[in-house]
Structure formats: structure tokens, C-alpha cells
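Here are my notes on the model, as numbered points. Please read them with the structure open beside you.

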Amino acid sequence: MKNTLFFCNTYYQLIVTIQMKLTIKNEEQVTVVLTDESRNAEVIFERLRQTQLFHKVFFLQTKDAKTKVDAKFKLRAIKNGLFGCLPEGMDPKAKYDELIGFNMDLPTHYLFAALVKNNPALVCNAMEEGLLSYGVEDPGSGLLTLLYRLRRCFGKKNLREETGGFYCFNPAVYQGSKTALSVPKISRENARLREILETLFLQDASVDPYKQRYIYLPCIYDIEGGEPIGELELAKKIAAQVGAENLLVKVHPRDDAKKYENAGLTVDRNSAVPWEVLCIHEDFSRHVFITTLSGSVLNVSAFLANAPESYYAYPLCDLEKNPLAQKFRGVIDGYVLKNSELALDNIRILRNIEQLADKGEI
């Protein structure tokens with residue numbers, strides 16, 4: 001049986017890993033390494049083991065090691081990158097046939113260095129982390145450049161040079177340097193997937209029925225990237241158009257929910273649950289998503305079969321003095337307006353608030 005190992009830094013990567021295990025990797029023996037890069041990761045790790053979906057699951061602490069990048073850190077990084085370093089409890093003699101990850105960061109290189117010693121024929125592939133990752137080619141770092149030179153001197157392979165494929169939900173859209181490898185889109189009818197995600201993320205959540213038809217997902221551009229673009233003001237305009245009782249605001253984790261509540265708007269209490277998980281768990285087919293520039297709306301529309309009606313409302317905001325918002329507007333336009341291969345027919349650009357009809361509650 002083929003042995004495959006996934007390296008996951010984020011919950012989106014974990015969702016992709018679970019979907020692959022349930023579909024194209026269902027006949028393989030799959031191991032997962034989950035790092036502490038995401039909030040509450042250690043709890044999710046323990047729950048992941050409980051699902052018994054994977055052959056083995058390991059937890060790797062990576063955040064603390066990056067807090068002080070001094071000479072000691074760099075020496076340790078070179079040592080681990082040359083000779084390998086495994087998560088606690090992993091068999092140093094274990095042989096894997098395929099390594100899959102997204103970030104290709106230092107900890108992934110440490111793992112690769114250990115695994116390729118046991119299997120010089122190890123196959124390395126990347127996986128997507130949403131549509132915005134399709135065109136991302138990691139520039140690397142000075143430390144990795146040095147590590148690669150040293151490994152070549154010792155006749156050793158390098159991870160990025162060995163990574164040949166890119167697992168993704170929309171292979172026709174991928175235009176990077178790797179070979180696109182298709183992953184089946186996620187269906188809400190997959191009871192096993194929903195059961196696993198509920199076990200991982202919804203044990204402590206109180207997911208009340210989403211009665212409001214309109215769900216607004218503001219981003220961070222009122223507090224980051226430049227001058228505020230007016231996301232709060234947009235929320236007020238939407239409420240005035242469709243009725244405040246028909247609008248729910250899912251506040252970004254780094255934003256202040258109070259300012260929306262003080263404006264008389266209802267805020268979603270499940271902000272700690274990944275939005276992608278909620279969209280798989282809940283039936284949003286009769287809802288309408290509205291956002292300024294959220295990548296989550298784009299991602300859900302790209303991986304979920306029968307995605308809900310959605311609007312990008314950035315034309316109703318002032319992006320002129322926010323370079324970060326302008327950058328993502330270009331990315332969104334490229335996918336929504338110019339990419340016929342993707343065919344995101346459920347997404348429209350909101351150019352006038354009157355495009356939103358008052359359809360009432362669900």
C-alpha cells in the first residue's frame with residue numbers, strides 16, 4: 001500500500017487533505033503532520049486522531065522556534081535541513097512514497113530531508129490553499145538558498161526542485177510551473193466529510209440556524225493596508241437596502257465586532273469556526289454572500305459544488321488610498337471577470353446597492 005504524508009500548517013490545508021483522503025487517496029495509507037500555526041491547533045490535533053480517518057497523526061510545534069531568528073536558530077536550521085528532523089513520535093525509519101504540502105517552509109524541508117534519506121525515490125507535490133495560491137511561486141529566503149547550496153555540495157536533493165505537481169480543485173485555471181493534479185470538488189452531500197469537520201471544529205460551537213438571507217463578510221481594509229475603505233459604511237447601506245433583520249455580519253477575526261454591533265447590526269458568533277467549514281456544514285443555497293474583497297468567498301465558490309449567490313462590493317468602497325485593497329481588487333477581477341475557465345457564475349460584482357432585492361428572511 002502506498003504511504004503518503006501531508007504537512008498542514010492551516011485548517012484550509014487540512015480540509016483539502018481530508019477531501020483527498022476521502023476521494024483520490026482513499027486506497028492509500030495517509031499520515032498527517034499538523035503544526036501549531038493555526039489557533040487552537042493542539043485541540044484540533046487531538047480531535048483529528050479521534051476521527052481515525054488517517055493512519056497516523058503527528059503534532060509539530062513551529063511557532064516558538066521562529067520568535068528569535070538568531071545565529072543559533074540559523075545553525076539549527078542548517079543542521080535540520082541537511083540531516084532531517086521529524087515530529088516527536090515519528091519512526092525515524094518510516095518510509096513514505098509521497099510528501100504533500102503547501103508552504104514549503106523550513107519545517108517542511110526538515111521533514112523532507114529525513115524522509116528522502118529513507119526513500120530516495122520520494123515523490124513531492126504541492127497542494128492548493130485557495131484560488132489565490134494558484135499563481136504563487138514562493139521566492140524563498142537567504143537561509144533556504146544557503147541550505148540548497150550546501151545540500152547540492154553533499155549530493156542531496158532539494159524539496160522545491162523535487163516538487164512536480166500541484167493538487168487543486170480547478171486544474172484548468174492553474175498556470176504555474178508544476179503539473180496540475182485534479183482534486184474532486186467538495187459536496188455537502190458527503191456525510192463522512194461533514195461528520196469529520198463537525199468533530200474537529202463544531203464541538204464547542206453553537207451553530208444556530210442562519211435565518212438572515214444576507215451574510216456580509218467585511219475584510220481588514222478599514223484597519224490595514226492604507227486608509228479605511230468604508231466597510232462599516234457599506235454594511236449600513238446593505239442593512240438599509242435589505243433590512244437590518246435580514247443581514248448578518250461575519251466579522252474578520254482581526255477586526256472589532258463591537259463597531260458593527262454599535263451600528264445596530266447582528267454579528268455572527270461563530271467567528272472562531274473557519275468559514276469554509278461553516279459553508280460545508282450549513283446549507284447556504286438560499287443565502288446571499290456579500291463581501292468587499294474576501295478570498296474566502298472566492299475559495300468557497302471554487303471548491304464547493306453548487307456554491308451560493310455571492311457579490312463582491314468593492315466598487316461601493318473607496319480603495320484609492322489603500323494599496324493592499326487595490327492589489328486584491330486586481331486579483332478578484334482576474335478570477336471573477338476575466339477567467340472563463342473558472343466559470344464562477346454564482347459571483348457578481350455589486351456596482352449599485354439597488355442590485356440587492358429585499359427577499360426577506362430565509
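1. The lining of the largest cavity divides into five nonpolar residues, three polar ones and one charged one. The residues in question are Gly 81, His 109, Phe 112, Ala 113, Leu 147, Tyr 148, Arg 151, Asn 158 and Leu 159. Two elements give two or more residues to this lining: helix H4 (106–118) and helix H5 (142–153). The volume of the largest cavity is about 30 Å³, and the structure holds one cavity of 30 Å³ or more. Please keep in mind throughout that this is a predicted model.

2. The largest pocket has a volume of about 1500 Å³. Its lining is made of 42 residues, and those nearest its centre are His 252, Pro 253, Pro 274, Glu 276 and Ser 296. Two or more lining residues come from each of helix H1 (11–22), helix H2 (41–51), helix H7 (191–201), helix H10 (275–281), helix H11 (295–303) and helix H12 (323–336). Which element gives the most to the lining? That is H11, with three residues. By class, the lining of the largest pocket holds 22 nonpolar, twelve polar and eight charged residues.

3. H1, one of the helices that line the largest pocket, can be checked for length. At 1.5 Å a residue, its twelve residues should span 16 Å, and the end C-alpha atoms are 16 Å apart, so the two values agree. Is H1 mostly covered or mostly exposed? It is mostly covered, with eleven of its twelve residues buried. Among the buried residues of H1 are Tyr 11, Leu 14, Ile 18 and Lys 21. Residues three or four places apart in an α-helix point the same way, because there are 3.6 residues a turn. The buried residues of H1 also include Gln 13, Thr 17 and Gln 19.

4. An open sheet of six strands has the order E10-E9-E8-E11-E12-E13, and its pairing is parallel. Strand E10 (266–267) and strand E13 (347–349) are the edge strands, each pairing on one side only. Strands of a sheet pair through backbone hydrogen bonds, in either the parallel or the antiparallel sense. E8 and E11 are joined by four bridges in the parallel sense, and Ile 215 has Phe 289 of E11 as its bridge partner. E11 and E12 likewise pair in parallel over four bridges; here the partner of Phe 289 in E12 is Ser 310. E12 and E13 run parallel and are joined by three bridges, with Tyr 312 partnered by Ile 349 of E13.

5. Strand E11 (residues 288–291) is covered on both faces. Which residues lie on each side? Val 288 and Ile 290 are on one side, Phe 289 and Thr 291 are on the other, and all of them are buried. In a regular strand the side chains alternate between the two faces of the sheet.

6. How many disulfides does the structure hold? It holds zero. Cys 85 is in no disulfide, and the nearest cysteine sulfur, in Cys 124, is 17 Å away. Cys 85 is partly exposed, with a relative accessible area of 35%. For Cys 317, the closest cysteine sulfur is that of Cys 219, but the separation is 9.1 Å, which is too far for a bond; the cut-off for a disulfide is within 2.5 Å. Cys 317 is buried, at 13% relative accessible area, and Cys 219 is buried too, at 5%.

7. Cys 219 belongs to the loop between strand E8 (214–217) and helix H8 (231–242). Its C-alpha atom is 8.0 Å from that of Asp 255, although Cys 219 and Asp 255 are 36 residues apart along the chain.

8. Gln 52 has a phi near 60°, a positive value in a residue other than glycine. Gln 52 sits in the loop between H2 and strand E3 (56–60) and is exposed, with a relative accessible area of 68%. Asn 306 also has a phi near 60°, again positive in a residue other than glycine. The loop that holds Asn 306 lies between H11 and strand E12 (309–312). Asn 306 is exposed, with a relative accessible area of 76%.

Methods
Residues numbered from 1 in each chain as written. Predicted model: local features only at pLDDT ≥ 70, side-chain atom pairs only at ≥ 80, totals over all residues. Heavy atoms only, no water. 1 Å grid on protein atoms, 1.4 Å probe; cavity = no way out; pocket = protein on both sides within 12 Å on 5 of 7 lines; lining within 4 Å. Points joined across faces, edges and corners; volume = space filled by probe spheres on them. Nonpolar A, V, L, I, M, F, W, Y, C, P; charged D, E, K, R; others polar. Expected span 1.5 Å × (residues − 1). Buried < 20%, exposed > 50% of the residue type's maximum accessible area, 1.4 Å probe, protein only. Pairing = 2+ DSSP bridges.
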